Amino acid sequence: MTGGLAQQVPALTDPYTPDRGDPAYEVTHYDLDLDYKVSTNRLAGRAVLDVTALEDARRLVVDLVGLRVLKVSVGGAAAKWVHRGPRVVVTPSRPLTRGERTQVVITYAGTPGPVATRWGDVGWEELSEGALVAAQPNGAATWFPCNDHPRTKATYRLAFECDSPYDVVATGALVAARTRGSRTRRVFEQGVPMATYLATVHVGRYVRRALAPADVPITVVLPVQQERDVLHDLGRLPEMTRLYEALFGPYPFDDYTVVVTADDLEIPLEAHAMATFGPNWLDGRRRHERLVAHELAHQWFGNSLTPETWADIWLNEGFACYAEWLWAEHADGVPVRVNAATHWSRLTRLRQDVVLADPGPDLMFDDRVYKRGALTLHALRLQLGDVAFFDLVRDWVATHRHGSVSTDEFVEHVETFVREMAPGSGEAAAGRARELLERWLWATPLPRVVAGG
């Protein structure tokens with residue numbers, strides 16, 4: 001069924017991506033069964049969404065971009081639906097009540113491709129041989145129907161069938177594989193809650209190599225002709241993982257996969273327990289190791305701890321950027337204070353119009369957010385001291401493991417931690433920490449980075 005969508009989509013909670021997400025419900029599990037033909041870039045799928053209504057709802061809005069809906073059911077009964085642009089408005093045979101659980105089943109097909117956004121093209125991308133998904137922030141709907149917002153996280157099962165000569169890598173553990181004729185079907189399961197933008201699939205001609213010795217199992221998936229350069233540039237990744245575990249707490253997932261595509265990529269990409277690089281970033285000269293450090297750090301900050309809204313993006317990027325500086329100090333002897341001073345000086349020469357805690361959609365991926373976020377953490381470290389700061393970070397990570405976080409929660413966590421850390425003088429110390437964070441997070445002028453805050 002098709003038709004107009006005017007006045008049918010409810011008001012949303014995130015102005016950064018106003019055409020994505022429906023706050024009326026959450027998805028707790030996605031069961032995706034996909035069939036992909038590489039030569040024609042043709043995708044056919046059946047998606048089962050385990051849904052919980054968060055309010056009384058006569059309809060549910062599902063995100064799906066560039067693909068054609070064929071059939072919809074809710075709770076086993078056929079449902080009416082209207083698909084216009086990126087939104088599928090589903091009307092169940094009867095209204096849902098708050099707290100009610102049901103299943104939404106959508107059958108769909110088409111030629112997937114990226115969606116144009118203010119941040120560039122995101123989502124499904126066809127490569128010279130194969131495909132990948134780069135979904136941040138709102139590209140998940142280019143390959144499966146979803147409630148595309150990071151505020152709710154779900155578990156996943158993904159069955160993916162494609163031409164046998166191609167390898168397939170996806171978020172989740174490979175639990176089954178079966179080849180029939182020229183086609184191979186693989187099943188991946190993701191039991192840790194994951195935001196939609198962190199789900200990905202890679203299709204290509206790859207080989208797999210393990211990095212060892214490593215406390216966390218690390219697999220590199222790459223074109224065989226890139227093996228020497230890539231493995232050289234990733235050679236210190238096991239040591240990097242050990243450093244981050246010491247600083248941030250245990251690695252949050254079972255393993256880590258780095259996919260290197262045959263095609264050059266504009267930027268490296270993060271996904272759940274995974275990172276993606278083009279060969280242009282791993283050329284055998286270890287020139288971009290800071291990006292390897294950055295993407296690894298996102299497994300703690302962004303993937304385990306995921307922002308509740310896109311306004312909280314600094315909690316991803318500030319921590320990941322600071323992790324770059326921590327690695328540079330550990331591995332190459334470049335003190336964090338040197339990187340902090342260098343980037344503080346650079347920021348002073350740029351416009352002072354970024355509100356770190358709410359930069360707005362146009363600036364959410366601005367480098368000033370990344371660097372000011374890292375400097376905020378360094379300023380807090382100088383005020384608290386090394387021992388207390390890293391105790392705080394590990395406590396923050398452990399408390400919110402596999403959850404969603406906000407800037408307000410971080411400030412409250414800092415206040416509570418500092419208050420409990422210093423009996424007697426804790427209230428005054430917590431007040432000083434809040435004052436420091438308010439200057440960095442909510443004011444536009446760039447504060448100085450000095451010991452004591």
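Q: What pLDDT does the chain average?
A: This is a predicted model, and pLDDT is the predictor's confidence in each residue, from 0 to 100. Of the residues, 97% score at least 70, although over residues 1–12 the pLDDT is below 50. For the chain, the average pLDDT is 95.

Q: How many contacts does the stretch of residues 1–12 have in the model, beyond near neighbours in sequence?
A: Residues 1–12 have a pLDDT below 50, and contact here means heavy atoms within 4.5 Å. Beyond near neighbours in sequence, the number of contacts that this stretch has in the model is 26.

Q: How many residues apart in sequence are the parts that Arg 157 and Asp 31 tie together?
A: The side chains of Arg 157 and Asp 31 meet in a salt bridge, at 2.9 Å from N to O. Arg 157 lies in strand E12 (residues 154–163), whereas Asp 31 lies in strand E1 (residues 25–37), so the separation in sequence of the parts they tie together is 126 residues.

Q: Is Arg 236 buried, partly exposed or exposed?
A: Arg 236 forms a salt bridge with Glu 289, whose closest N and O atoms are 2.6 Å apart, and the side chains of Arg 236 and Asp 332 also meet in a salt bridge, at 3.1 Å. The relative accessible area of Arg 236 is 19%, and a residue under 20% counts as buried. Arg 236 is therefore classed as buried.

Q: In which helix does Asp 332 lie?
A: The side chain of Asp 332 meets that of Arg 236 in a salt bridge, and Arg 236 lies in the loop between H1 and H2. The pair ties together parts that are 96 residues apart in sequence, because Asp 332 lies in helix H4.

Q: Which residues are linked in a network of salt bridges?
A: The structure holds 29 salt bridges, and a salt bridge joins a side-chain nitrogen of Lys or Arg to a carboxyl oxygen of Asp or Glu within 4 Å. The residues linked in a network of such bridges are Asp 35, Lys 37, Glu 161, Asp 163 and Arg 183.

Q: How many charged residues are in the lining of the largest cavity?
A: A search of the whole structure finds three cavities of 30 Å³ or more, and about 90 Å³ of space lies in the largest cavity. Its lining includes Leu 347, Gln 352 and Thr 444, as well as Arg 351, Asp 353, Arg 368 and Arg 372. By class, this lining has four nonpolar and two polar residues, and the number of charged residues is four.

Definitions and conventions: Residues are numbered from 1 along each chain as its sequence is written. This is a predicted model: local features need pLDDT of at least 70, side-chain atom pairs count only at pLDDT 80 or more; totals for chains, interfaces and linings use all residues. Side-chain values use heavy atoms; hydrogens and water are left out. On a 1 Å grid over the protein atoms alone, a cavity is a set of points where a 1.4 Å probe fits but cannot get out, and a pocket is an open set with protein on both sides within 12 Å along at least five of seven lines; lining residues have an atom within 4 Å of a point. Grid points are joined across faces, edges and corners, and a volume is the space filled by probe spheres set on the points. Ala, Val, Leu, Ile, Met, Phe, Trp, Tyr, Cys and Pro count as nonpolar, Asp, Glu, Lys and Arg as charged, and the others, Gly among them, as polar. Helices (H or I, at least four residues) and strands (E, at least two) are DSSP runs, numbered from the N terminus. Buried means under 20% relative accessible area, exposed over 50%, partly exposed in between (1.4 Å probe, protein chains only).
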